[in-house]
Amino acid sequence: MDRCNLIIPLSLSSLCACHTHRPSSSSSLNTLVLTRTASFNLGLKLSRGVLRGISVNQYRAEPDRLDQGVTGEEVDKVANFQVKGDSASERQQKAGQLKKRIFFGVGIGISCGGVVLVGGWVFTFAIAAVVFVGAREYFELVRSHGIAEGMTPPPRYLSRACSVICALMPILTLYFGQIDVSVTSAAFVVAMALLLQRGNPRFAQLSSTMFGLFYCGYLPCFWVKLRCGLAVPALNTRVGRVWPLLLGGQTQWTVGLVATLISISSIIAADTYAFVGGKAFGRTPLTAISPKKTWEGVAAGLGGCIATSVLLSRIFSWPPSYLSAIAFGILNFFGSLFGDLTESMIKRDAGVKDSGSLIPGHGGILDRTDSYIFTGALAYSFVKTFLPLYGV
(Lines give C-alpha, C1' and ligand atoms only; values in the text may rest on other atoms or scores of the structure.)
Protein backbone atom coordinates (compact mmCIF):
# COMPACT_ATOMS: atom_id res chain seq x y z
CA MET A 1 0.00 0.00 0.00
CA ASP A 2 2.87 2.43 0.73
CA ARG A 3 4.26 1.72 -2.70
CA CYS A 4 0.93 2.51 -4.26
CA ASN A 5 0.69 5.80 -2.37
CA LEU A 6 4.09 6.84 -3.67
CA ILE A 7 3.16 6.08 -7.26
CA ILE A 8 -0.21 7.93 -7.27
CA PRO A 9 1.19 11.51 -6.84
CA LEU A 10 3.71 10.87 -9.61
CA SER A 11 0.96 9.62 -11.87
CA LEU A 12 -1.21 12.65 -11.14
CA SER A 13 1.62 15.04 -12.02
CA SER A 14 2.17 13.14 -15.25
CA LEU A 15 -1.52 13.42 -16.11
CA CYS A 16 -1.46 17.16 -15.51
CA ALA A 17 1.48 17.48 -17.84
CA CYS A 18 -0.39 15.65 -20.55
CA HIS A 19 -2.74 18.59 -21.03
CA THR A 20 0.08 20.83 -22.34
CA HIS A 21 2.61 18.41 -23.78
CA ARG A 22 2.41 15.44 -26.04
CA PRO A 23 2.37 12.20 -24.09
CA SER A 24 5.71 10.48 -23.83
CA SER A 25 6.52 6.92 -23.08
CA SER A 26 7.13 7.79 -19.43
CA SER A 27 3.77 9.52 -19.10
CA SER A 28 2.12 6.49 -20.70
CA LEU A 29 3.87 4.29 -18.22
CA ASN A 30 2.73 6.50 -15.37
CA THR A 31 -0.84 6.42 -16.69
CA LEU A 32 -0.66 2.64 -16.88
CA VAL A 33 0.58 2.51 -13.31
CA LEU A 34 -2.25 4.84 -12.27
CA THR A 35 -4.83 2.63 -13.93
CA ARG A 36 -3.47 -0.47 -12.27
CA THR A 37 -3.29 1.30 -8.92
CA ALA A 38 -6.82 2.61 -9.28
CA SER A 39 -7.99 -0.86 -10.16
CA PHE A 40 -6.18 -2.20 -7.10
CA ASN A 41 -7.83 0.39 -4.82
CA LEU A 42 -11.18 -0.26 -6.46
CA GLY A 43 -10.80 -3.99 -5.78
CA LEU A 44 -10.05 -3.28 -2.14
CA LYS A 45 -13.14 -1.13 -1.81
CA LEU A 46 -15.31 -3.67 -3.58
CA SER A 47 -14.02 -6.43 -1.31
CA ARG A 48 -15.17 -4.41 1.69
CA GLY A 49 -18.68 -4.18 0.30
CA VAL A 50 -18.58 -0.37 0.15
CA LEU A 51 -19.33 0.30 -3.51
CA ARG A 52 -22.84 -1.16 -3.77
CA GLY A 53 -24.75 0.20 -6.77
CA ILE A 54 -21.73 2.21 -8.14
CA SER A 55 -20.42 1.23 -11.55
CA VAL A 56 -16.73 0.65 -12.20
CA ASN A 57 -16.83 2.80 -15.35
CA GLN A 58 -17.97 5.75 -13.26
CA TYR A 59 -14.76 5.62 -11.22
CA ARG A 60 -12.56 5.16 -14.28
CA ALA A 61 -14.08 8.36 -15.64
CA GLU A 62 -13.42 10.19 -12.33
CA PRO A 63 -9.85 9.35 -11.22
CA ASP A 64 -9.67 12.30 -8.79
CA ARG A 65 -12.69 11.03 -6.89
CA LEU A 66 -11.21 7.54 -6.85
CA ASP A 67 -7.93 8.83 -5.42
CA GLN A 68 -9.76 10.83 -2.75
CA GLY A 69 -11.80 7.77 -1.79
CA VAL A 70 -15.54 7.33 -1.50
CA THR A 71 -17.04 6.87 1.92
CA GLY A 72 -19.65 4.25 2.73
CA GLU A 73 -22.14 7.01 3.61
CA GLU A 74 -22.09 8.41 0.06
CA VAL A 75 -22.67 5.02 -1.46
CA ASP A 76 -25.46 4.24 1.01
CA LYS A 77 -27.12 7.55 0.17
CA VAL A 78 -27.16 6.68 -3.53
CA ALA A 79 -28.47 3.16 -2.89
CA ASN A 80 -31.12 4.40 -0.47
CA PHE A 81 -32.21 7.08 -2.93
CA GLN A 82 -32.71 4.46 -5.66
CA VAL A 83 -34.64 2.15 -3.30
CA LYS A 84 -36.83 5.02 -2.11
CA GLY A 85 -37.59 6.01 -5.70
CA ASP A 86 -38.63 2.48 -6.60
CA SER A 87 -40.75 2.05 -3.49
CA ALA A 88 -42.43 5.42 -4.05
CA SER A 89 -43.41 4.50 -7.61
CA GLU A 90 -44.71 1.13 -6.41
CA ARG A 91 -46.79 2.82 -3.71
CA GLN A 92 -48.24 5.25 -6.23
CA GLN A 93 -49.13 2.39 -8.56
CA LYS A 94 -50.79 0.39 -5.77
CA ALA A 95 -52.66 3.48 -4.58
CA GLY A 96 -53.95 4.08 -8.11
CA GLN A 97 -55.09 0.48 -8.44
CA LEU A 98 -56.83 0.66 -5.05
CA LYS A 99 -58.67 3.86 -6.00
CA LYS A 100 -59.77 2.32 -9.28
CA ARG A 101 -60.90 -0.84 -7.49
CA ILE A 102 -62.90 1.13 -4.91
CA PHE A 103 -64.47 3.40 -7.52
CA PHE A 104 -65.70 0.59 -9.74
CA GLY A 105 -66.63 -1.55 -6.73
CA VAL A 106 -68.90 1.16 -5.31
CA GLY A 107 -70.44 1.77 -8.72
CA ILE A 108 -71.16 -1.92 -9.22
CA GLY A 109 -72.59 -2.22 -5.71
CA ILE A 110 -75.00 0.69 -6.16
CA SER A 111 -76.12 -0.56 -9.58
CA CYS A 112 -76.68 -4.12 -8.34
CA GLY A 113 -78.58 -2.85 -5.31
CA GLY A 114 -80.96 -0.88 -7.51
CA VAL A 115 -81.50 -3.85 -9.82
CA VAL A 116 -82.28 -6.15 -6.88
CA LEU A 117 -84.80 -3.69 -5.45
CA VAL A 118 -86.61 -3.28 -8.77
CA GLY A 119 -86.75 -7.04 -9.44
CA GLY A 120 -88.91 -8.53 -12.21
CA TRP A 121 -87.69 -8.37 -15.78
CA VAL A 122 -85.03 -5.77 -14.96
CA PHE A 123 -83.39 -8.14 -12.48
CA THR A 124 -83.78 -11.10 -14.85
CA PHE A 125 -82.23 -9.37 -17.87
CA ALA A 126 -79.36 -8.14 -15.69
CA ILE A 127 -78.72 -11.73 -14.59
CA ALA A 128 -78.90 -12.86 -18.23
CA ALA A 129 -76.31 -10.28 -19.29
CA VAL A 130 -73.95 -11.30 -16.50
CA VAL A 131 -74.46 -14.98 -17.36
CA PHE A 132 -73.65 -14.38 -21.03
CA VAL A 133 -70.37 -12.61 -20.28
CA GLY A 134 -69.47 -15.15 -17.60
CA ALA A 135 -70.12 -18.04 -19.98
CA ARG A 136 -67.89 -16.45 -22.62
CA GLU A 137 -65.11 -16.12 -20.05
CA TYR A 138 -65.57 -19.72 -18.93
CA PHE A 139 -65.28 -21.18 -22.42
CA GLU A 140 -62.25 -19.00 -23.13
CA LEU A 141 -60.63 -20.43 -19.99
CA VAL A 142 -61.45 -23.94 -21.22
CA ARG A 143 -59.70 -23.15 -24.51
CA SER A 144 -56.61 -21.73 -22.77
CA HIS A 145 -53.30 -23.54 -23.05
CA GLY A 146 -53.26 -24.71 -19.44
CA ILE A 147 -56.56 -26.59 -19.69
CA ALA A 148 -56.55 -27.44 -23.41
CA GLU A 149 -53.16 -29.15 -23.13
CA GLY A 150 -53.88 -32.85 -23.06
CA MET A 151 -57.54 -32.50 -24.04
CA THR A 152 -59.62 -31.31 -26.96
CA PRO A 153 -61.68 -28.20 -26.14
CA PRO A 154 -65.19 -27.84 -27.55
CA PRO A 155 -65.43 -26.13 -30.96
CA ARG A 156 -65.59 -22.36 -30.82
CA TYR A 157 -68.97 -22.16 -32.58
CA LEU A 158 -70.46 -24.50 -29.97
CA SER A 159 -68.95 -22.48 -27.12
CA ARG A 160 -70.60 -19.34 -28.44
CA ALA A 161 -73.91 -21.16 -28.86
CA CYS A 162 -73.67 -22.40 -25.25
CA SER A 163 -73.07 -18.83 -24.04
CA VAL A 164 -76.33 -17.75 -25.71
CA ILE A 165 -78.18 -20.75 -24.26
CA CYS A 166 -76.90 -19.91 -20.77
CA ALA A 167 -78.12 -16.33 -21.16
CA LEU A 168 -81.59 -17.53 -22.18
CA MET A 169 -81.97 -19.78 -19.13
CA PRO A 170 -82.77 -17.00 -16.58
CA ILE A 171 -85.32 -15.49 -18.97
CA LEU A 172 -87.03 -18.85 -19.47
CA THR A 173 -86.98 -19.37 -15.71
CA LEU A 174 -88.95 -16.19 -15.09
CA TYR A 175 -91.32 -16.81 -18.00
CA PHE A 176 -92.15 -20.47 -17.24
CA GLY A 177 -91.48 -20.43 -13.51
CA GLN A 178 -89.08 -23.39 -13.73
CA ILE A 179 -85.99 -24.34 -15.72
CA ASP A 180 -85.69 -28.13 -15.60
CA VAL A 181 -87.15 -28.86 -19.05
CA SER A 182 -85.19 -26.07 -20.73
CA VAL A 183 -81.87 -27.19 -19.25
CA THR A 184 -82.48 -30.82 -20.18
CA SER A 185 -83.39 -29.90 -23.74
CA ALA A 186 -80.36 -27.63 -24.12
CA ALA A 187 -78.02 -30.30 -22.77
CA PHE A 188 -79.43 -32.88 -25.18
CA VAL A 189 -79.02 -30.59 -28.21
CA VAL A 190 -75.45 -29.68 -27.23
CA ALA A 191 -74.50 -33.31 -26.64
CA MET A 192 -75.86 -34.32 -30.05
CA ALA A 193 -73.95 -31.50 -31.74
CA LEU A 194 -70.72 -32.67 -30.11
CA LEU A 195 -71.27 -36.33 -30.99
CA LEU A 196 -72.13 -35.61 -34.62
CA GLN A 197 -69.26 -33.18 -35.30
CA ARG A 198 -66.60 -33.95 -37.85
CA GLY A 199 -63.46 -35.62 -36.68
CA ASN A 200 -63.10 -37.60 -33.48
CA PRO A 201 -65.41 -36.43 -30.65
CA ARG A 202 -63.79 -36.52 -27.21
CA PHE A 203 -65.29 -36.99 -23.77
CA ALA A 204 -63.39 -33.92 -22.51
CA GLN A 205 -65.41 -31.78 -24.93
CA LEU A 206 -68.67 -33.17 -23.61
CA SER A 207 -67.76 -32.91 -19.93
CA SER A 208 -66.42 -29.33 -20.13
CA THR A 209 -69.46 -28.19 -22.13
CA MET A 210 -71.97 -29.86 -19.80
CA PHE A 211 -70.28 -28.34 -16.78
CA GLY A 212 -70.37 -24.94 -18.49
CA LEU A 213 -74.13 -25.22 -18.96
CA PHE A 214 -74.54 -26.21 -15.32
CA TYR A 215 -72.05 -23.74 -13.83
CA CYS A 216 -72.74 -20.66 -15.95
CA GLY A 217 -76.41 -21.19 -16.88
CA TYR A 218 -78.36 -23.45 -14.55
CA LEU A 219 -77.03 -22.34 -11.15
CA PRO A 220 -77.52 -18.55 -11.67
CA CYS A 221 -81.19 -19.22 -12.50
CA PHE A 222 -81.84 -19.85 -8.82
CA TRP A 223 -81.30 -16.18 -8.12
CA VAL A 224 -84.28 -15.48 -10.38
CA LYS A 225 -86.29 -18.15 -8.58
CA LEU A 226 -85.27 -16.68 -5.20
CA ARG A 227 -85.88 -12.99 -6.00
CA CYS A 228 -88.87 -13.27 -8.33
CA GLY A 229 -90.30 -16.70 -7.57
CA LEU A 230 -90.87 -16.26 -3.84
CA ALA A 231 -93.43 -13.49 -4.30
CA VAL A 232 -95.21 -13.90 -0.96
CA PRO A 233 -95.48 -10.42 0.66
CA ALA A 234 -93.57 -10.10 3.91
CA LEU A 235 -96.20 -7.87 5.49
CA ASN A 236 -95.26 -8.74 9.06
CA THR A 237 -92.01 -6.74 8.80
CA ARG A 238 -91.61 -3.12 9.84
CA VAL A 239 -89.87 -2.25 6.58
CA GLY A 240 -92.73 -3.76 4.54
CA ARG A 241 -95.25 -1.38 6.10
CA VAL A 242 -93.33 1.67 4.88
CA TRP A 243 -92.08 0.27 1.56
CA PRO A 244 -92.42 3.12 -1.00
CA LEU A 245 -95.07 3.07 -3.70
CA LEU A 246 -92.36 3.89 -6.26
CA LEU A 247 -91.05 0.35 -5.76
CA GLY A 248 -94.49 -1.24 -5.76
CA GLY A 249 -95.67 -0.63 -2.22
CA GLN A 250 -96.18 -3.24 0.48
CA THR A 251 -97.04 -6.04 -1.91
CA GLN A 252 -93.58 -5.85 -3.51
CA TRP A 253 -91.79 -6.24 -0.17
CA THR A 254 -91.65 -10.01 -0.58
CA VAL A 255 -89.92 -12.90 1.13
CA GLY A 256 -87.84 -13.34 -2.00
CA LEU A 257 -86.59 -9.75 -1.83
CA VAL A 258 -85.73 -10.02 1.87
CA ALA A 259 -83.93 -13.34 1.40
CA THR A 260 -82.01 -11.97 -1.60
CA LEU A 261 -80.89 -8.85 0.29
CA ILE A 262 -79.75 -10.85 3.30
CA SER A 263 -77.94 -13.42 1.15
CA ILE A 264 -76.09 -10.85 -0.97
CA SER A 265 -75.17 -8.72 2.06
CA SER A 266 -73.90 -11.81 3.89
CA ILE A 267 -71.69 -12.76 0.94
CA ILE A 268 -70.22 -9.26 0.77
CA ALA A 269 -69.57 -9.34 4.52
CA ALA A 270 -67.97 -12.78 4.26
CA ASP A 271 -65.56 -11.63 1.53
CA THR A 272 -64.71 -8.42 3.40
CA TYR A 273 -64.12 -9.99 6.80
CA ALA A 274 -62.16 -12.88 5.27
CA PHE A 275 -59.88 -10.43 3.44
CA VAL A 276 -59.29 -8.23 6.49
CA GLY A 277 -58.89 -11.18 8.86
CA GLY A 278 -56.51 -12.95 6.50
CA LYS A 279 -54.36 -9.84 6.10
CA ALA A 280 -54.20 -9.21 9.84
CA PHE A 281 -54.00 -12.70 11.31
CA GLY A 282 -53.53 -15.11 8.39
CA ARG A 283 -50.82 -17.69 9.07
CA THR A 284 -52.19 -21.12 8.11
CA PRO A 285 -52.88 -21.73 4.38
CA LEU A 286 -56.31 -23.14 3.61
CA THR A 287 -55.63 -24.98 0.34
CA ALA A 288 -53.15 -25.02 -2.52
CA ILE A 289 -55.93 -24.03 -4.92
CA SER A 290 -55.90 -20.50 -3.53
CA PRO A 291 -52.62 -19.89 -1.64
CA LYS A 292 -53.69 -16.49 -0.27
CA LYS A 293 -56.64 -17.92 1.66
CA THR A 294 -55.98 -18.89 5.27
CA TRP A 295 -57.90 -20.64 8.01
CA GLU A 296 -57.80 -17.44 10.04
CA GLY A 297 -59.41 -15.55 7.18
CA VAL A 298 -62.07 -18.26 6.84
CA ALA A 299 -62.91 -17.96 10.54
CA ALA A 300 -63.19 -14.18 10.28
CA GLY A 301 -65.35 -14.44 7.16
CA LEU A 302 -67.66 -16.98 8.79
CA GLY A 303 -68.11 -14.77 11.84
CA GLY A 304 -68.81 -11.69 9.74
CA CYS A 305 -71.29 -13.57 7.54
CA ILE A 306 -73.26 -14.92 10.51
CA ALA A 307 -73.25 -11.53 12.26
CA THR A 308 -74.58 -9.80 9.14
CA SER A 309 -77.28 -12.41 8.62
CA VAL A 310 -78.47 -12.14 12.24
CA LEU A 311 -78.37 -8.33 12.21
CA LEU A 312 -80.41 -8.03 9.01
CA SER A 313 -82.86 -10.66 10.21
CA ARG A 314 -83.58 -8.44 13.23
CA ILE A 315 -84.01 -5.39 11.00
CA PHE A 316 -86.24 -7.13 8.44
CA SER A 317 -87.95 -9.42 10.99
CA TRP A 318 -87.16 -12.41 8.77
CA PRO A 319 -86.38 -15.19 9.44
CA PRO A 320 -88.05 -14.85 12.85
CA SER A 321 -85.72 -17.08 14.90
CA TYR A 322 -82.05 -16.56 15.71
CA LEU A 323 -81.27 -20.18 14.92
CA SER A 324 -82.64 -19.96 11.39
CA ALA A 325 -80.75 -16.70 10.81
CA ILE A 326 -77.49 -18.29 11.96
CA ALA A 327 -78.10 -21.33 9.74
CA PHE A 328 -78.83 -19.03 6.79
CA GLY A 329 -75.55 -17.18 7.41
CA ILE A 330 -73.54 -20.41 7.61
CA LEU A 331 -75.11 -21.65 4.37
CA ASN A 332 -74.34 -18.41 2.56
CA PHE A 333 -70.75 -18.47 3.74
CA PHE A 334 -69.93 -21.99 2.59
CA GLY A 335 -71.72 -21.40 -0.70
CA SER A 336 -69.60 -18.31 -1.35
CA LEU A 337 -66.37 -19.99 -0.18
CA PHE A 338 -66.65 -23.06 -2.41
CA GLY A 339 -67.86 -20.97 -5.33
CA ASP A 340 -64.70 -18.90 -5.00
CA LEU A 341 -62.52 -22.00 -4.73
CA THR A 342 -64.15 -23.58 -7.79
CA GLU A 343 -63.36 -20.57 -9.94
CA SER A 344 -59.83 -20.42 -8.50
CA MET A 345 -59.30 -24.05 -9.52
CA ILE A 346 -60.41 -23.29 -13.09
CA LYS A 347 -58.09 -20.28 -13.31
CA ARG A 348 -55.19 -22.22 -11.80
CA ASP A 349 -55.51 -24.98 -14.40
CA ALA A 350 -55.85 -22.34 -17.12
CA GLY A 351 -52.70 -20.61 -15.88
CA VAL A 352 -54.25 -17.14 -15.59
CA LYS A 353 -54.70 -14.68 -12.73
CA ASP A 354 -58.09 -13.27 -13.77
CA SER A 355 -60.91 -14.70 -15.84
CA GLY A 356 -61.04 -11.51 -17.92
CA SER A 357 -60.36 -7.77 -17.92
CA LEU A 358 -63.87 -6.35 -18.27
CA ILE A 359 -63.95 -4.58 -14.89
CA PRO A 360 -60.88 -2.35 -14.24
CA GLY A 361 -59.21 -3.31 -10.98
CA HIS A 362 -61.44 -6.36 -10.50
CA GLY A 363 -60.80 -8.65 -13.47
CA GLY A 364 -63.62 -10.44 -15.24
CA ILE A 365 -67.27 -11.14 -14.45
CA LEU A 366 -66.47 -14.58 -13.01
CA ASP A 367 -63.94 -12.99 -10.65
CA ARG A 368 -66.71 -10.83 -9.14
CA THR A 369 -69.57 -13.33 -9.21
CA ASP A 370 -67.88 -16.61 -8.30
CA SER A 371 -69.08 -16.34 -4.68
CA TYR A 372 -72.71 -16.05 -5.85
CA ILE A 373 -72.91 -18.95 -8.29
CA PHE A 374 -73.62 -21.74 -5.80
CA THR A 375 -75.15 -19.51 -3.12
CA GLY A 376 -78.35 -18.74 -5.03
CA ALA A 377 -79.30 -22.42 -5.26
CA LEU A 378 -78.47 -23.02 -1.58
CA ALA A 379 -80.42 -19.96 -0.42
CA TYR A 380 -83.47 -20.90 -2.50
CA SER A 381 -83.42 -24.46 -1.18
CA PHE A 382 -83.10 -23.15 2.39
CA VAL A 383 -86.11 -20.83 2.08
CA LYS A 384 -88.26 -23.11 -0.05
CA THR A 385 -87.54 -26.47 1.60
CA PHE A 386 -85.72 -26.18 4.93
CA LEU A 387 -87.70 -23.41 6.65
CA PRO A 388 -91.17 -24.91 5.89
CA LEU A 389 -90.05 -28.19 7.43
CA TYR A 390 -89.65 -26.42 10.76
CA GLY A 391 -92.74 -24.26 10.36
CA VAL A 392 -90.83 -21.03 9.74
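1. A salt bridge here is a side-chain nitrogen of Lys or Arg within 4 Å of a carboxyl oxygen of Asp or Glu. By that rule, Asp 349 pairs with Arg 348, with 3.6 Å between the closest N and O atoms. Asp 349 is partly exposed at 39% relative accessibility, and Arg 348 is partly exposed at 43%. For burial, the cut-offs are: buried under 20% relative accessible area, exposed over 50%, partly exposed in between (1.4 Å probe, protein chains only). The count comes to 5 salt bridges.

2. Before going further, some housekeeping. This is a predicted model, where local features need pLDDT of at least 70, side-chain atom pairs count only at pLDDT 80 or more, and totals for chains, interfaces and linings use all residues. Residues are numbered from 1 along each chain as its sequence is written, and side-chain values use heavy atoms, with hydrogens and water left out.

3. Glu 343 and Lys 347 meet through their side chains at 3.5 Å, N to O. The two sit 4 residues apart in helix 15 (residues 322-350), so about one helical turn separates them. Helices are DSSP runs (H or I, at least four residues), numbered from the N terminus.

4. Now the void. The structure holds 1 cavity of 30 Å³ or more, and the largest cavity has about 50 Å³ of space. A cavity is a set of points, on a 1 Å grid over the protein atoms alone, where a 1.4 Å probe fits but cannot get out; lining residues have an atom within 4 Å of a point. Grid points are joined across faces, edges and corners, and the volume is the space filled by probe spheres set on the points. The lining is made up of Arg 136, Phe 139, Glu 140, Arg 143, Arg 156, Ser 159 and Arg 160. Helix 6 (120-142) and helix 8 (156-176) each supply at least two of the lining residues.

5. Phe 139 turns up again around Thr 209. Thr 209 is in helix 10 (residues 203-218) and is buried at 0% relative accessibility. Leaving out residues up to four places away in sequence, Thr 209 touches Phe 139, Pro 154, Cys 162, Val 190 and Leu 194. Contact means heavy atoms within 4.5 Å.

6. Helix 11 (residues 221-229) is mostly covered, with 8 of its 9 residues buried.

7. Last, the surface. Phe 188, Val 189, Met 192, Leu 195 and Leu 196 form a nonpolar patch with about 540 Å² of accessible area together. Val 189 belongs to helix 9 (residues 180-195) and is exposed at 52% relative accessible area. Patches take residues with over 30% relative accessible area and no salt bridge, joining like charges within 9 Å and nonpolar side chains (Val, Leu, Ile, Met, Phe, Trp, Tyr) within 5 Å. Areas come from the Shrake-Rupley method with a 1.4 Å probe; for residues, only the protein chains shown count as cover.

How values were computed
On a 1 Å grid over the protein atoms alone, a cavity is a set of points where a 1.4 Å probe fits but cannot get out, and a pocket is an open set with protein on both sides within 12 Å along at least five of seven lines; lining residues have an atom within 4 Å of a point.
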